[in-house]
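User: I am new to this structure and would like a short tour. Please keep the answers brisk.

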Amino acid sequence: MSKVVLITGASAGIGRAAAILMAQKGHAVYAGARRMDRLAELAPHGVIPVQMDVSKGADNERAVNQVIEAEGRIDVLINNAGFGLYGPIEDIPIDEARYQFEVNLFGLARLTQLVLPHMRAQGSGRIVNVSSVGGRIFLPLGAWYHATKHALEGWSDCLRYETAPFGIQVVIIQPGAIKTEFGDVTNAGLDKHTGDTAYKDLVGLFVKLRDNSRTMDRATDASVLAKVYLEAATARRPRRRYVKGAFARPVLFIRKWFGDGVYEFALRGIVR
């Protein structure tokens, strides 16, 4: 059965690949992002572009209204937009940390609030929240990013319980290392904090690890995750969580079964 889907952060990476794949499968896909020039490239694939910044409430309202006016319903919301703010906790300005939360949590939450009344009226719907393996583990210098994803995990679990009586399902996707522009944005932010601070040695080690081409050579292609998005959005009985991507399952296994001490010991062996 064809679904009406709104997916954010669809101008590049997994969001773009997922939007195209779902449109190819016959779903009505509305793809939201800030970069309209990139969104326009999706039109030939049958994807309907929606210019929006998830951190702006007016944009979220306009996007939802556009879908409802055109389709009369909204079946799936995929909260895919997000970015990673990396750098030492002490050195990152609080305003930058707040913006990280605005994009990765509060903007997502407001957009979800806007679609829920329509889904309740329909008696069905699905919210797919794109978290990260980083919502269960952590990497040094990623405190603010990991904080948003840890928060999203708990928020999504509460949402699942609250909305289940209305026929609304909530799914979490936890990607590992993926070949997307996500790393470019993270790297740009990290490079801002590589100056002469108390944490310059740690930053230098992390940058060295980041620049090791063998690490990204092992990253998973975005097209693989697009198939996971499709399943999460359309399967009759979806899993509560989907874990997919390079390094994801091994690091989750270590943290869960061997504890914090072993996990941190393993990190020191990598970032050194």
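User: Which residues does valine 29 touch, not counting residues up to four places away in sequence?

Analyst: This is a predicted model, and the contacts come from its atoms. Valine 29 sits in strand S2. It is buried, with a relative accessible area of 0%. Leaving out residues up to four places away in sequence, valine 29 touches Val5, Ile7, Ala19, Met22, Ala23, Val47 and Ile48.

User: How far apart in space are valine 29 and valine 228, C-alpha to C-alpha?

Analyst: Along the sequence, 199 residues separate valine 29 from valine 228. In space, C-alpha to C-alpha, the two are apart by 16 Å.

User: How many bridges join strand S5 to strand S6?

Analyst: S5 covers residues 125-130 and S6 covers residues 168-175. Glycine 125 has isoleucine 168 as its bridge partner in S6. The two strands run parallel, and the number of bridges joining them is six.

User: Which residue of S6 is the bridge partner of isoleucine 127?

Analyst: Strands S5 and S6 are joined by bridges. For isoleucine 127, the bridge partner in S6 is valine 170.

User: How many of the eight residues of S6 are buried?

Analyst: A residue counts as buried when its relative accessible area is under 20%. S6 is largely enclosed by the rest of the structure, because the number of its eight residues that are buried is seven.

User: Is serine 156 buried or exposed?

Analyst: Serine 156 lies in helix H5. Beyond residues up to four places away in sequence, serine 156 touches Asn129, Val170 and Ile172. Its relative accessible area is 0%, so serine 156 is buried.

User: What volume does the largest cavity have?

Analyst: Rolling a probe the size of a water molecule over the atoms shows where empty space is left. A search of the whole structure finds one cavity of 30 Å³ or more. The largest cavity has a volume of about 40 Å³.

User: Which helix gives the largest share of the lining of the largest cavity?

Analyst: The lining residues are Thr8, Val54, Asn79, Asn80, Ala81, Val103, Leu108 and Leu111. By class, five are nonpolar, three are polar and none is charged. The largest share, three residues, comes from helix H4 (residues 94-122).

User: Which residues is valine 103 in contact with, leaving aside its neighbours within four places in sequence?

Analyst: Valine 103 belongs to helix H4. It is buried, with a relative accessible area of 9%. It also lines the largest cavity. Leaving aside neighbours within four places in sequence, valine 103 is in contact with Val54, Ser55, Ala81, Gly82, Phe83 and Leu108.

User: What distance separates the C-alpha atoms of valine 103 and glutamine 113?

Analyst: Valine 103 and glutamine 113 are 10 residues apart along the chain. Their C-alpha atoms are separated by 15 Å.

User: What value is phi of leucine 141 near?

Analyst: Leucine 141 is in the loop between S5 and H5. It is buried, with a relative accessible area of 9%. Phi is positive here, in a residue other than glycine, and its value is near 75°.

User: Is phenylalanine 247 buried or partly exposed?

Analyst: Phenylalanine 247 is in the loop between S9 and helix H10 (248-270). Its phi is positive, about 70°, although it is not a glycine. With a relative accessible area of 30%, phenylalanine 247 is partly exposed.

Conventions: Residues numbered from 1 in each chain as written. Predicted model: local features only at pLDDT ≥ 70, side-chain atom pairs only at ≥ 80, totals over all residues. Heavy atoms only, no water. Pairing = 2+ DSSP bridges. Helix = DSSP H or I, 4+ residues; strand = E, 2+ residues; numbered from the N terminus. 1 Å grid on protein atoms, 1.4 Å probe; cavity = no way out; pocket = protein on both sides within 12 Å on 5 of 7 lines; lining within 4 Å. Points joined across faces, edges and corners; volume = space filled by probe spheres on them. Nonpolar A, V, L, I, M, F, W, Y, C, P; charged D, E, K, R; others polar. Buried < 20%, exposed > 50% of the residue type's maximum accessible area, 1.4 Å probe, protein only. Contact = heavy atoms within 4.5 Å.
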